[in-house]
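Me: I have a structure here and would like a close look at a single part of it. Please take me through that part, then set it in its surroundings.

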Amino acid sequence: MLRHAVLISSAPLFLPQVTPTLPGELTTMRSAISHALAGLPDVDVTVLLAAGEPGVHATAHADLGGAGRPDVRVDLPVPARATRAVAACGLERRTGRLPLEASVLALHLACAVLPVTVGSEWSGARLAEVGGAVAGALAEAQLDAALVVAGDGSAGLSHQAPRYLIDGAEEWQRAYVAALGDPRALCALGPAEATRVVARGWAPSLAAAAAIEGSGQDWHVHEQGSPRGVGYVVAAT
């Protein structure tokens, strides 16, 4: 069963091995990420939930080659029992190097993980179905699990943003943070609009909301902001 969940950014810049020092608001965000991850319980497996080519990953070979830093890498154990349980949900089993966003999540950790990637273009209903199925499979397999989610918001919140200033992105970002614990409210925000405002965290966040729904857990936002025009959120259950 899912005992705890954490939502953080999958931006490589928050990894100390990539950027040893950060200015102002970015330092505050990295501290919040570290604090949230420090609260993860000792479990059988930590599920990494990120956007990417959909599937459940039987290996966790993580590196930042996609961000120009192949030297930053880690190989984490993936319990075979967890892989079998979640693959039974209909997700394709994958091996090899993890996608960039899942790799960043793995590089924050030093424990047994199960990387799961979901499609950014999937409908809200599909994402909710997969999130609920993953939680159900872990419970049926009698696996204690935690969840770490790549929850980046819009990358178009200011003129300094990677995608410049996108019309309506600020309103979308506010609605996204407010909806984190509600799969139905998150459904209303995408996938088309999430893609338009360049919010890669929408899909995994919706799947995560469905995974914890009914467990008595809810998100508590510890930090949020938009340094450099990107909507970052740190939350935990």
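The part I mean is the pairing of β4 with strand β5, residues 69-76. In which sense do β4 and β5 pair, and over how many bridges?

Reply: A caution to begin with: this is a predicted model. The two strands pair in the antiparallel sense, over 5 bridges. β4 covers residues 60-64, and β5 covers residues 69-76. Together β4 and β5 form a hairpin, with 4 residues between them. Gly-68 sits in the turn and has a positive phi of about 80°.

Of the 5 residues of β4, 4 are buried, so the strand is largely enclosed by the rest of the structure. The cut-off for buried is under 20% relative accessible area. Across the protein chain, buried residues make up 55% of the 237 residues.

Next, the setting. The protein chain has 8 helices and 10 strands. Its radius of gyration is 16 Å, close to the 18 Å that the globule rule gives for 237 residues, so the chain is as compact as a globular protein of that length. Along the principal axes, the C-alpha atoms fill a box of roughly 45 × 40 × 30 Å.

Then the open space. The largest pocket has a volume of about 410 Å³. It is lined by 17 residues. Ser-10, Ala-11, Glu-101, Asp-152 and Arg-200 lie nearest the centre of this pocket. The pocket lining divides into 10 nonpolar, 3 polar and 4 charged residues.

A search of the whole structure finds 1 cavity of 30 Å³ or more. The largest cavity has a volume of about 30 Å³. Leu-49, Val-116, Gly-131, Val-134, Leu-147 and Ala-211 line this cavity. That lining splits into 5 nonpolar residues, 1 polar and no charged.

Last, the cysteines. The structure holds 0 disulfides. Cys-89 is in no disulfide, and the nearest cysteine sulfur, that of Cys-187, is 18 Å away. A pair counts as a disulfide when the sulfur atoms are within 2.5 Å. Cys-89 is partly exposed, with a relative accessible area of 26%. Cys-111 also counts as partly exposed, at 27% relative accessibility.

Conventions: Residues are numbered from 1 along each chain as its sequence is written. This is a predicted model: local features need pLDDT of at least 70, side-chain atom pairs count only at pLDDT 80 or more; totals for chains, interfaces and linings use all residues. Side-chain values use heavy atoms; hydrogens and water are left out. On a 1 Å grid over the protein atoms alone, a cavity is a set of points where a 1.4 Å probe fits but cannot get out, and a pocket is an open set with protein on both sides within 12 Å along at least five of seven lines; lining residues have an atom within 4 Å of a point. Grid points are joined across faces, edges and corners, and a volume is the space filled by probe spheres set on the points. Ala, Val, Leu, Ile, Met, Phe, Trp, Tyr, Cys and Pro count as nonpolar, Asp, Glu, Lys and Arg as charged, and the others, Gly among them, as polar. Buried means under 20% relative accessible area, exposed over 50%, partly exposed in between (1.4 Å probe, protein chains only). Two strands pair if DSSP finds at least two bridges between them. The radius of gyration is taken over C-alpha atoms; the globule rule is 2.2 Å times the number of residues to the power 0.38.
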